[in-house]
Amino acid sequence: MKDLFIGLLDWIYKKKCYFCKSSKESVKMCSKCFDELEFLPVKINRHVNNTEIYCAGVYDKNLQKMIRGLKYHRQKDLAYYQAKFMWQYWQKLDFLEDDFQIVPVPIFPKRQKQRKYNHMELVAIEFAKLSGYEVNFSLIKRIKDTKPQYKLNKVQRMMNLSNAFEVYPQNIIQNKKILIIDDICTTGSTFEEMVKAFNNVGICDITCFATTTPWEG
Ligand SMILES: [Zn+2]
């Protein structure tokens with residue numbers, strides 16, 4: 001009877017794969033779905049202000065579901081898989097000798113309160129565990145409550161984001177390069193504005209890395 005009860009509890013609480021609904025592995029993302037995620041070619045996707053941007057995959061299929069799940073549907077467990085996907089791509093690049101401080105794109109404090117968490121901070125924490133890099137949440141803040149970017153064109157995006165970030169150079173971790181991470185790189189405006197804010201205070205050793213991009217570049 002007891003075994004039956006425990007079996008029932010296991011069955012009720014067994015995690016299902018968020019993507020294929022299989023409960024075989026009792027995880028949020030089964031290995032089959034993870035292995036099916038597709039990487040972009042190992043190369044620079046584009047530049048902003050002389051700064052390299054890398055993108056690990058294309059924003060569609062399960063990568064889109066993963067990003068939306070973490071960002072809008074409180075699927076916090078997905079942060080680990082997003083970081084793991086990024087880390088697998090990152091290891092193929094030529095950065096193994098370098099040490100970084102991970103800087104996730106900050107959210108305006110009021111919005112973060114509404115959303116309860118910054119999804120990219122969660123990804124940064126998981127990416128730090130995998131890479132051994134440090135996270136730095138206090139180096140740059142969003143000081144302007146910007147509109148969501150997806151409805152805006154390139155020029156509107158730049159206007160919307162202009163002066164949106166403030167850097168606190170005293171909080172930099174010495175002798176570690178800066179790695180800005182975001183989930184989607186569309187026009188690159190967010191990275192561009194952050195890089196500008198860093199450049200304005202004389203910080204130039206920066207690399208940008210997005211989980212996905214809508215285009216292969
Ligand atoms: Zn699955």
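Predicted model: local features only at pLDDT ≥ 70, side-chain atom pairs only at ≥ 80, totals over all residues.

Reader: How many bridges join S2 to S8?

Author: In general, the strands of a sheet pair through backbone hydrogen bonds, in either a parallel or an antiparallel manner. Here S2 and S8 run parallel and are joined by 5 bridges.

Reader: Which residues stand opposite Phe-209 and Ala-210 of S8 in strand S7?

Author: Ile-181 stands opposite Phe-209, and Asp-182 stands opposite Ala-210. Strand S7 (residues 177-184) and strand S8 (residues 206-213) run parallel, with 6 bridges between them.

Reader: Is S8 mostly covered or exposed?

Author: S8 is mostly covered, with 8 of its 8 residues buried.

Reader: What is the order of the strands in the sheet?

Author: The sheet is open, with 6 strands in the order S1-S2-S8-S7-S3-S4, and its pairing is mixed. Its edge strands, S1 (46-48) and S4 (134-135), each pair on one side only. Helix H8 (residues 189-200) packs on this sheet and touches S1, strand S2 (51-58), S7 and S8. The direction of H8 makes about 160° with that of S7.

Reader: Which residues of H7 and H8 meet?

Author: Lys-154, Arg-157, Met-158 and Leu-161 in H7 meet Ser-189, Thr-190 and Glu-193 in H8. By class, this contact of H7 with H8 has 3 charged, 2 polar and 2 nonpolar residues.

Reader: At what angle do H4 and H6 pack?

Author: Helix H4 (residues 78-90) and helix H6 (residues 119-131) pack at an angle of about 55°, and their axes are 8 Å apart. That angle makes H4 oblique to H6. The crossing in which H4 passes H6 is right-handed.

Reader: Which residues make the contact of H4 with H6?

Author: H4 contributes Ala-79, Tyr-80, Gln-82, Ala-83, Lys-84, Met-86 and Trp-87. H6 contributes His-119, Leu-122, Val-123, Glu-126, Phe-127, Leu-130 and Ser-131. The residues of this contact divide into 9 nonpolar, 3 polar and 2 charged.

Definitions and conventions:
Residues numbered from 1 in each chain as written. Axes fitted to C-alpha atoms, helices over the stretch in contact; angles between N-to-C directions. Helix = DSSP H or I, 4+ residues; strand = E, 2+ residues; numbered from the N terminus. Parallel < 35°, antiparallel > 145°, perpendicular 65-115°, else oblique. Left-handed = near helix turned anticlockwise from the far one by under 90°. Contact = placed C-beta atoms within 7 Å. Nonpolar A, V, L, I, M, F, W, Y, C, P; charged D, E, K, R; others polar. Pairing = 2+ DSSP bridges. Buried ≥ 20, exposed ≤ 12 C-beta atoms within 10 Å, placed from the backbone.
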